[in-house]
Amino acid sequence: MFKLVRRSIVANLGRLVLTLLSVVLGVSAVSGSFVLADSLRSVFDQISEDALAGTDAQVRPIPSEIADAFSSAAAPSFDESLTTELAALPEVARAEGQVAVFERIYTLDADGEIVRPPGPPVFANSFSGAEGVGGFRVVEGTAPGDQQVALDQAQATQGGFEIGDTIDVSMATGDIEQFELSGIIDFGDGGTGGAFFILMDLPTIQRATGTEGTINFVDLGAADDVSPEELVAAVSPSLPEGLEAVPQEVLIEESQENFGQIIDFIGYVLLGFALVILFVSIFIIYNTFAILVGQRTRMLGLLRSIGASASQIRGMVLIESVLIGLIASITGLFGGLGIAWLLKAAFNSFGNAFPDGPLQLQPRTIAIVFAVGLGVTVISALIPAFRAAKVAPLEAVRGGGLQQRSLTFRVLGGSLVLAVGLLLLFLGLSGQIESTANIFVALGFGAALIFIGVTMLSALFAGVVASVIGRPVQALKGTTGRLARDNASRNPQRTSATATALMIGLALITGVAVLASSIVDNFNDVLEDAFGADLIVGPTGQPLPFSATLVDELAALDEVDVISAYQFLQLGVDGEGVDARAWDSDTGTTIFNMGLAEGSLDLGSDGIAVLDETAAEMGLSVGDSLTVEFSDGELVELAIKGLYDNSAAVDGVSYLVDRELANQHVEGDAVGAIGVTLTGQPATDSPEFAAAEEAIEAAAASQPQVDVLSNAELREELSASINQLQALILLLLGLCVIIAAVGIVNTLSLSVLERTREIGLLRAVGTTRSQLRTTIRWEAVIVSLFGSILGVVMGVALGWAVVTAIPDEFLSYVSIPWAQIAIYLVAGGIVGVLAAIFPGYRAANLNVLDAIAYE
Amino acid sequence: MFASESGTGLASSGQYAARAEAAVKIYGSGDTAVHALRGVDVGFERGKFTAIMGPSGSGKSTLMHCMAGLDRLSGGETYIGDTAVSSLNDKQLTILRREGVGFIFQAYNLVPTLTARENITLPMDLGKGTADDAWVDEVIEAVGLADRATHRPNELSGGQQQRVAVARALASRPQIVFGDEPTGNLDSKTSAEILEFMGQAVEQLNQTIVMVTHDPRSASYADRVLFLADGKIVHELSNPTADLVYDTIRSLGDDD
Ligand SMILES: Nc1ncnc2c1ncn2[C@@H]1O[C@H](COP(=O)(O)OP(=O)(O)O)[C@@H](O)[C@H]1O
Ligand SMILES: [Mg+2]
């Protein structure tokens, strides 16, 4: 029996290579996502250890529940005198007060533009030059002194800075000053995880952040024979309230956890795409095995008639799939290493994004890859294997294709699967499920079942639809078109199975497109009303805070009539950290259209406004009091003065307080955006408007992270960033389409093989090679269009379902991007054209007589 | 059987519809080379029905294939009308098969997705020109398929399928029709009907037909019988009867 399997694999090698390719791609994607995540984790774990190698313990403010690790709001600080007190302790060999800020200080290039990496953040840290403290090391030049900075190599290269150069630095205070580049630093073992670092000595960074006399934490080195734990124990009693001492081990763990969250996220996203790819390849494997079994009916019947048992036949097909699964797993394992390497290289091409380190192939990954590779192949081959076992001995004589399963089975089975899928999807979208992970599982399984159900049902109408799609082809191409149309519709089951991969790919792509276009259109509408301002002054892209000094500077301009700003803020409500905004509530309503639902939005120093929905959820109404915790740890009881129903202008947050109140509790002044109306209300296209815009731009030049935008420009920026995200997703889903194309090549090649004799006959009666290629090309186009149309229809339906499920205050209506969808359909047809090249070539080059004699 | 003789418009520039001159076909090379044709000289006169006989492996199919432009000779030359087949490239050969030659295989002659009528007009549909509908109707009528014209091959009996194949070979009014055991798979009654019909096509339409057969009775429908052995023409009979053919085969067989 095994010999037969081997023979069969060898004989079908060509067809199996393509099948293998689809499994290998899927398995590689899975293995790649694990390898990449593991490699990143190992590197960042190392970075965490390196960064803290010289820190035996750290004294810092007790982290508040409400503060986020990478918060844009200034980190809490305390008086620097503590450093000297700590240094006096006998257990302490070294105490260094440190300041660290996130996204508040930038270097500027020759054009005055901020030098920053495309994704990762920019940190500014104090650095005394002590080797190893904070993980920094001077690799060239010297540590920074007064009015000097040291930078990482990537930043220096990007900015075109050389040691000794004078560099403009935009400071957190809102001023730009000139600093000398004293040296190039490295982080840990090299590689900064893509982030940029700006290092200054402590007094300089305190001045640059406007936090003279205070520090964010103290790094401690233990005296000889003092363990970090003993150091912590020694230091703790002398700490003022609100501060804590933490040993090295805990610091490392925390740091690794912080990185780990980001890496896990990347890993999950990649894994998600990998699973989609794998899912698509299941259909391709299934289809190949089904066709192979079908083509071997006669041989199987013969085996049965000479005494092979049904289970032997079943085993034969299954062993074949196991072997393929094994080969695919091994290849996929290495393919995964390749994919991880490629992704790393791609990220790195954006500038040192990922530190160097070996790719991590963990036993867990190997186990998963084999489980997935084998599992997927064997499961896909199950149905064909059972069908093969049902081949009757007589089939050897009769020939003929496999018994098609009954229509009733298809209709009932397909409908059932579809119904369960719809139910799961509905559940996932209903908001009934608590955990995000479970929602994704419900949506994922729901979508998968829907695809399977539709595939089963689509065989019922594939013939008719393919024939309808083929009608214009026939009108256009005559006899060759006629043959293409017939071929595409003669085996509906095969047509539907072949088209499935493309259907799934296009359904996902279209779904994403519908979602993206709905977001853009809805947000456009909302943003159009969200601002009463003529101009919005703020950072575009990432929400980077900037100094409040700009607010005063702009307010002083004659061109500016009303001005209001809002500031980033984190509040603790019911013990949970929430995003909030602080604004100038006296002028705010002119600038930001918050949609006052009730009460008043003039908040004063004791008031708070709440999004009406949040208020309803929490059972709050105007006049109630609400106790909130500020990031300084203070609990303040505030009166709810108003409810608003439009949060678009303030990034969708649920709580608003006055800026004055916030500044009593929060250091620094991280402004998120400023809105102004112009004196004399000039029309947007008037010269006065342009002049005013210019004046404001000039004033804002001190804060390079800030742009001045009109409402329309703001909306354009938003559309652009969503479209960019969509393009990225499209790129990843594009892999699905490629696999779908491989599937079509595969089926078409098998069909050509199956029709060898017919092709020989066609050639014998005068079909030219190019006519034959045309026939096969159009057959592929018809099948592809069938898949594309089905996919687009499902994509629109899925997108519609998701958008509808999203609460109305985010997305209130569905917007369908018809033009994009038309492009996808054309692209689907082109996939067919491309997929037909190889099979068409094969068919056209068949020897006529051999083909006619083919069994 | 044919209502008119509208189908006789064959370009008749020469005496022969097809010829072979010193045709040699060798499969493989070296020790394993098979000499399928060892220098065959033959001409098929227009308007004549020729049968080719010979033991299996004697090169009958090879001769048909090479003459019909389905395969290439190793040496010598074949002509369809005045066209030297070896000088044609693949495209020209294809056009020749479409317009100049009709071919009937023993089985699997039809495209399963096309109806009987569509199969018959397929060679013409593949070309630029349009089929002469009246003539096609006449052919369909003549082969007795008028009520089966819209059926697909799997709805037709083996005999009916072969009739469609014959009709297709005739419908484009080629210079010559080759058949490689066209009735080999059929019972004697059906086979007689088809041979009858082929004979009529030769007589009434001045069609030229060459057919390979194993059956002396089938051969007796022809005007002439050629005997092939070991890649050479070894004997020839004119106006054969079944008995004559039978005896000839016996006597040729005794020579071995
Ligand atoms: N494609 C081929 N390759 C090798 N030998 C072949 C091929 N086709 C035919 N032959 C050989 O050529 C000889 C003549 O074959 P063929 O013309 O088919 O004989 P017939 O039709 O008279 O039975 C035989 O010996 C056969 O084995
Ligand atoms: Mg033969």
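Is C736(A) buried or exposed? C736(A) counts as buried, because its relative accessibility is 1%. Here buried means under 20% relative accessible area, exposed means over 50%, and partly exposed lies in between (1.4 Å probe, protein chains only).

## About the model

This is a predicted model: local features need pLDDT of at least 70, side-chain atom pairs count only at pLDDT 80 or more, and totals for chains, interfaces and linings use all residues. Residues are numbered from 1 along each chain as its sequence is written, chains are lettered from A and ligands numbered from 1 in the order in which they are written, and side-chain values use heavy atoms, with hydrogens and water left out.

## Chain A

Chain A has 855 residues, and 53% of them count as buried. Its C-alpha atoms fill a box of roughly 95 × 70 × 55 Å along the principal axes. The chain holds 26 helices and 25 strands. These are DSSP runs, numbered from the N terminus: helices are H or I with at least four residues, strands are E with at least two.

Chain A splits into domain 1 (56-247), domain 2 (433-533 + 708-855) and domain 3 (545-704). The bounds come from an automatic or database domain assignment. Between the C-alpha centres of domain 1 and domain 2 of chain A lie 53 Å.

## Cysteines

C66(B) is buried too, with a relative accessible area of 1%. A disulfide is a covalent bond between the sulfur atoms of two cysteines.

## The shell around ligand 1

Which residues surround ligand 1? They are Y27(B), V34(B), A36(B), P55(B), S56(B), G57(B), S58(B), G59(B), K60(B), S61(B) and T62(B). A residue counts as near if one of its heavy atoms lies within 4 Å. By class, the shell has four nonpolar, six polar and one charged residues. (Ala, Val, Leu, Ile, Met, Phe, Trp, Tyr, Cys and Pro count as nonpolar; Asp, Glu, Lys and Arg as charged; the others, Gly among them, as polar.)

In chain B, β2 (34-45) and α1 (60-67) each supply at least two shell residues. The largest share, three residues, comes from α1(B).

## Backbone and ligand 1

Oxygen atoms of ligand 1 sit by backbone atoms of chain B. For G57(B), a polar backbone atom is 2.7 Å from a ligand oxygen. For K60(B), a backbone N or O atom lies 2.9 Å from a ligand oxygen. For S58(B), the value is 3.2 Å. Taken alone, ligand 1 exposes 550 Å², and the protein buries 59% of that. Accessible areas come from the Shrake-Rupley method with a 1.4 Å probe; for residues, only the protein chains shown count as cover.

Definitions and conventions: A polar contact is a pair of N or O atoms within 3.5 Å; within protein, one must be able to donate a hydrogen and the other to accept it, and residues adjacent in sequence count only if both atoms are side-chain atoms.
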